[in-house]
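My notes follow in the order I looked things up.

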Amino acid sequence: MRCTGLLSFALCLLSASPILSQNMPSRFFKPGTSLETKLQSVLPKSGEEAYRTIPWHYDLGQAREEAQRTNKPLLIWMMDGHPMGST
Amino acid sequence: MQQDPKLVQRIKDQFIPVVYNTYEMFQVNSVSNSWLQRYGPLISNNLAPSVKEKTWQGYYILGADGTGYGYWHPGHMGDSPTMATGRFGVLTGGFHQVLDVSLERFRTHPPKSINTEDLGVGQVSTLKPDPTTSVIRVLTRLPCDDPGDPFLNNIGRDFFWIYRSDVQELLEAADAATQTFDFPEQLKARLTRFHLRDHSRAMRVPWMPEHVHKARYSVSKLSDLNGMRRFRFSGEFAMSQSFNAIWGAYYGMSYQGNIEGEFSIDPVALRVVRWRVYAEGPCRGEPAPHDPTRQTDFTLMIGMKEADDAEAKEYAPVGFSWQYPHNLRGKPYKPQEDYRYPAGVPKSRVASAPTSGVEASPSKVADGAITSTNLLEGVGTLSAWQVQQLEGGKASIGTENDALQMVVTAGGSASWHVGLHQADRSLQDGKNYHLHFEAKAGSEWKMWTGFGIQGEDYHSAGLAEAITVPTEWKTFDFDFTATGTRPNRNAFYIDMGGRTGTVWVRKISLAEAAGSGAEKETRDRSNVPNKAVFDEPGTIKKGQDRVPAPDAAGGNLLKGVGTISAWQVQQLEGGKGSLNQENDAIRVVVTAGGTLSWHVGLRQANLNLSDGKRYRLHFEAKADSEWKMAAGLMTQDAPYQSIGLGAEITVPTKWKTFECTFTATNTHPDHNVFFIDMGPRTGTAWMRNFSLTEER
């Protein structure tokens, strides 16, 4: 197994166990690893949330007004589930 | 997955960027949502004609006047190996090309000037959390061996709403516990069903209740700190599914593992001020032939952290959106299984009494048409009714001529936040009932009506229907079989929250219908496999060897049923099928099943049915091996609603008759389609003796 990217510090420390037991060990973390460390490994890293720096409009009426005023087209990102909530 | 900084800058510089949720577009009435519904399909159809399955999802480049300049969806345009995402992290070079072309079109064909006074600026078009709701950001990762896979390495996101009532219940449970305690049911179910999901692979469809095999949490109290109540918890969960009623498809998915967390609560504000959670375990994806990555087993990591930023205050959890039936392309998802989460079924059926200042006006309101057997009591008196007002919803009830009048002055943020209720109804499992009422509204209004049990877990008692109430009186009739009832603890509701306005309702009646009791025993339950799938207005009856189609010679709304030219084969997302005549039957050969039930199927479109009329559908079918299909009728235009019948059926290897009656609702003139969905598997099926006749 090749260890990559975001979890390189912890990946491969424990081999995977497909059988779930009451105290199933983490695949990525040694026993005793703090909750905060585990959580930090999931949180977005720099560059993973660049889209959030875009000034997205959620008020389409306001966006249409601005599009006309600035002579720009609208770029509407539309998904099943809100793009800003489930990208 | 790193996101392209050049693309980010380009969007900032050259476009007015807008984000939208397709579900909210239909759920929330606003000028903007109506505008998008008008232009969205026009643009995607015209600019992406090769895309067979029309989807609302994607990236649209529009002028302020609605002129379409570009449309892009990665899954449908071949730029991505997956069908399920248009996420920012997977945007590729093809997207830049679409932007280039769109800008050129914009320059050569600029939009017309529009009147900016009627754009609906400031109207709420999204489903926002109530200010009292604590919002948690949910993030997921699937660490994998291939760092270049944009999909698997894409971080998954969601929001998790914890209500003030959840916090209250949790504190009460903590105060009552001497040692550890479990999460309150609402919070526990919402956490498990909606937020222990694989968002990295866009497997966001909530677990149905029956998919949850283990959800065991142990919460312990820590010492208070600065007036905050602190807790720690750990737990185990295990969920798996082979069928998901929301998708109407057979997907193998599972996730099992351990979860741990710490959180702090402000006991005065009843808010979660800190929420740190980590979950991990093996997660199996769905089998998608065109997308092998998704059926692989990975270890899914989920992290959760409190969120108080602008996005958290603006956008809804994806699971919230999944509840709305317009997403189902007419498939008969019923929200009765949607317990303990804000959609369709209110959190509380114990509504408040009518607001003060509104006195009962006996005998002003006409009783229902079947007064002698009306199971709703005192429909002519205001005191018989309750007004549900939750999460900021406000309404008053009065009478006007022969009708109840509901004036909603604050809609809350969801349908169940305001509603007309009558509690403590006596329904019995397995009995058939007929609900009747008439309604009109000051402006067209999407509502929910049905019966739900009072108290945990607030599930449906067999009827939960979306209705559109017009400005003129409209009659609503529903036949349903009660299920999951509680003795004298079932409530009738018409939920009308999420917006304000005035609604009038009259002639409300609930009557026990024919077919209850002894006849119930003759129903072939093999054809009623899942109440979340089965559309209650119609019931498939026990199969028999051969039953002539009723009145097939006269009044059959299905045309040329004996000739294959009268039928269409739906082939979407890789599904492939063909039709042949074999004796008196149509033979359907499915050589590629797609990934969802409706990717391959038999169709007859342009049927003319009318709301409120009862119809009888009849056909016979057999297959080379037992085959689960879905049959029914729906509108053939977006939002592809069921028009009263949709059912999962099991077609055996010997001829079997399928027959049902139903009351049509939400029909479109001459634009309704009969369907038998056969995906996602392959095989051969034979069908004959079709008829669709009006019951007189």
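**Chain A on its own**

I began with contacts inside chain A. Among those with a separation of 6 or more, 20% link residues 24 or more positions apart. I kept in mind that this is a predicted model. Next I listed the elements of chain A and found three helices and one strand. Along the sequence they follow the pattern α-α-β-α. I also checked burial: 41% of the 87 residues of chain A count as buried.

**Where chain A meets chain B**

I then turned to the interface. I found 59 residues of chain A in contact with 81 residues of chain B. Four elements of chain A give two or more residues to this side: helix 1 (35–42), helix 2 (60–70), strand 1 (74–79) and helix 3 (83–86). Which of them gives the largest share? Helix 2 of chain A does, with ten residues. I sorted the chain A side by class and got 31 nonpolar, 17 polar and eleven charged residues.

I followed strand 1 of chain A across the boundary. Strand 1 of chain A pairs with strand 1 (residues 16–21) of chain B. Is the pairing parallel or antiparallel? I read it as parallel, over six bridges. At one position, Met79(A) stands opposite Asn21(B).

**Cores**

I looked for nonpolar cores next. The largest has 80 residues. Its members with the most contacts inside it come from both chains: Leu74(A), Leu75(A), Ile76(A), Trp77(A), Val18(B) and Phe159(B). I picked out Trp77(A) and set aside residues up to four places away in sequence. Trp77(A) then touches Pro83(A) in its own chain, and Val18(B), Val19(B), Tyr20(B) and Tyr59(B) in chain B. I noted a second, separate core of 40 residues, which includes Leu420(B), Trp445(B), Tyr493(B) and Leu510(B).

**The seven-stranded sheet of chain B**

I traced an open sheet of seven strands in chain B, with the order 5-4-10-9-8-7-6 and antiparallel pairing. Which strands are at the edges? They are strand 5 (156–162) and strand 6 (212–225) of chain B, each pairing on one side only. The twist averages 15 degrees from one strand to the next.

Strand 8 (residues 253–266) and strand 9 (residues 271–284) of chain B run antiparallel and are joined by eleven bridges. Glu262(B) has Arg276(B), in strand 9 of chain B, as its bridge partner.

Then I asked which helices cover these strands. Helix 1 of chain A lies across strand 4 (134–141), strand 8, strand 9 and strand 10 (297–306) of chain B. Its direction is at about 70 degrees to strand 9 of chain B. Helix 6 (residues 185–195) of chain B also packs on the sheet, where it touches strand 4, strand 5, strand 6 and strand 7 (228–241) of chain B. I noted about 125 degrees between helix 6 and strand 6 of chain B.

**Strand 15 of chain B**

My last stop was strand 15 (residues 432–441) of chain B. Seven of its ten residues are buried, so I logged this strand as mostly covered. I checked its pairings in turn. Eight bridges join strand 15 to strand 18 (residues 474–481) of chain B, in the antiparallel sense. There His436(B) has Asp477(B) as its bridge partner. Strand 15 also pairs with strand 20 (residues 501–512) of chain B, antiparallel over eight bridges. In that pairing Lys440(B) stands opposite Trp504(B).

Notes. Residues are numbered from 1 along each chain as its sequence is written. Chains are lettered from A and ligands numbered from 1 in the order in which they are written. This is a predicted model: local features need pLDDT of at least 70, side-chain atom pairs count only at pLDDT 80 or more; totals for chains, interfaces and linings use all residues. Two residues are in contact if their C-beta atoms, placed from the backbone, lie within 7 Å. Ala, Val, Leu, Ile, Met, Phe, Trp, Tyr, Cys and Pro count as nonpolar, Asp, Glu, Lys and Arg as charged, and the others, Gly among them, as polar. Two strands pair if DSSP finds at least two bridges between them. A nonpolar core is a set of buried Ala, Val, Leu, Ile, Met, Phe, Trp, Tyr and Cys residues joined through C-beta atoms within 7 Å. A residue is buried if 20 or more other C-beta atoms lie within 10 Å of its own, exposed if 12 or fewer, and partly exposed in between; C-beta atoms are placed from the backbone. Axes are lines fitted to C-alpha atoms, for helices over the stretch in contact, and angles run from 0 to 180 degrees between N-to-C directions.
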